[in-house]
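Morning, everyone. Please bring up the model on your screens, and we will walk through it together.

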Amino acid sequence: MIQAIIFDLDGVIVDTAHYHFIAWQRLARELGVNFTEHENEQLKGVSRMQSLEIILSLGKIRLSEKEKEDLADKKNQWFVEYIQAMKPDEIFPGVKELLKTIRSKGMKVALASSSKNADTVLTLLNIKDYFDTIVDGTMITHSKPDPEIFLLAANRLGMKPSECVVFEDAEAGVAAAVAAGMKCVGVGSVTQLGKANYIVNKTADFDLAKLQML
Ligand code: BG6
Ligand code: MG
């Protein structure tokens, strides 16, 4: 029986996925690498450094570790600048209500984001209190598609993987949920998220009555 829901952050709760994209695109442009929404799909859910590695490999660019760290820092500074103006009303429509309903049914709610900025984003949105536990990129060794982040979230909730459902917008995130032995609701397109158990266009479109049938 499903007793907990684990939410990804970027692209599931708020449109920070867009800010990640424009910051990476700005960096790619500086590097002379062609980088569109299409290539960006590979970056969703994966760590900052792995994202940079993907962009460098697209441009067949080889750099030293120090140069890579500087570029990753630069992208992060832009991302942090972009999100500073974010307001609590930028949370996707219906998501706060969904979180409240889940909790009112006695189920647990976790956040599991590969981002090291998750705490900042949740604070800007003023929604930290909606989660029983929060796991982010600062607490894990392997980012999605590795199942580590979801297994850690389940563990912190005191749940078995089979008792958890994950909401994800990234191909790597869906793969991580499946590898963790959890059911997954994909937020986005069937083309990208075909391995999810159920797909919705927007997070709040999911009908909780379907939860136990996934
Ligand atoms: C994930 C995003 O949530 O976090 C990725 O989907 C991002 O696009 C990753 O690269 C790491 O984020 P950050 O904030 O630590 O650079
Ligand atoms: Mg995401």
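Before the metal site, one cut-off. For this metal, a donor is an N, O or S atom within 2.8 Å, and water is not among the atoms, so a site may look incomplete. Keep in mind too that this is a predicted model.

Now the site itself. Which residues are the protein donors of the magnesium ion, ligand 2? They are Asp 8 through OD, Asp 10 through O, and Asp 169 through OD. Along the chain, the donors follow the spacing D-x1-D-x158-D. Look at where two of them sit. Asp 10 is in the loop between β1 and α1, while Asp 169 is in the loop between β4 and α8, residues 171-179, so the pair ties together parts that are 159 residues apart in sequence. Asp 10 and Asp 169 are both buried.

Next, the sheet. Six strands make up an open sheet, and the pairing is parallel. Read across, the order is β3-β2-β1-β4-β5-β6. At the edges are β3, residues 133-135, and β6, residues 198-200, each pairing on one side only. From one strand to the next, the twist averages 20°.

Let's step through some of the pairings. β1 and β4 run parallel and share four bridges. How does the chain get from β4 to β5? It crosses through α8, and this β-α-β crossover is right-handed.

Stay on β5 for a moment. This strand covers residues 183-187, and four of its five residues are buried, so it is largely enclosed by the rest of the structure. Its link to β6 is parallel and consists of three bridges. In that pairing, Val 187 stands opposite Val 200 of β6.

On to the aromatics. The model has four aromatic pairs. Take Phe 7 and Phe 167: their pair is tilted, with 4.9 Å centre to centre and 35° between the planes. Phe 7 lies in strand β1, residues 4-7, and Phe 167 in strand β4, residues 164-168, so this pair ties together parts 160 residues apart in sequence. Both Phe 7 and Phe 167 are buried.

A second pair is Phe 21 with Phe 35. Their ring centres are 5.9 Å apart and their planes are at 35°, so this pair is tilted. Phe 21 belongs to helix α1, residues 16-31, and Phe 35 to the loop between α1 and α2, residues 37-40, so here the parts tied together are 14 residues apart in sequence.

Together with Tyr 198 and Phe 206, they form one aromatic cluster. And there is a charge over a ring elsewhere. The charged end of Lys 75 sits over the ring of Phe 79, 4.9 Å from its centre.

Now some backbone details. Most residues other than glycine have a negative phi, and most peptide bonds are trans. Here are some exceptions to check on your screens. The peptide bond from Lys 144 to Pro 145 is cis, with omega near 15°. Pro 145 is in the loop between β3 and α7, residues 148-157.

Lys 60 has a positive phi, near 50°. You will find Lys 60 in the loop between α3, residues 48-58, and α4, residues 65-83. Lys 60 is exposed, with a relative accessible area of 76%. Asn 126 also has a positive phi, near 60°. Its place is in the loop between α6 and β3. Asn 126 is exposed, at 59% relative accessible area.

Last stop, helix α6. The helix covers residues 118-125, and Leu 122 is in it. Leu 122 counts as buried, at 0% relative accessibility. Its C-alpha atom is separated by 33 Å from that of Gly 32, which is 90 residues away along the chain.

Terms used: Residues numbered from 1 in each chain as written. Chains lettered and ligands numbered in written order. Predicted model: local features only at pLDDT ≥ 70, side-chain atom pairs only at ≥ 80, totals over all residues. Heavy atoms only, no water. Phe/Tyr/Trp six-rings, centres within 6.5 Å; stacked < 30°, edge-to-face > 60°. Helix = DSSP H or I, 4+ residues; strand = E, 2+ residues; numbered from the N terminus. Buried < 20%, exposed > 50% of the residue type's maximum accessible area, 1.4 Å probe, protein only. Lys NZ or Arg CZ within 6 Å of the ring centre and 35° of its normal. Donors = N, O, S within 2.8 Å, 3.2 Å for Na, K, Ca; no water. Pairing = 2+ DSSP bridges. Axes fitted to C-alpha atoms, helices over the stretch in contact; angles between N-to-C directions. Right-handed = clockwise from strand over helix to strand, strands pointing away.
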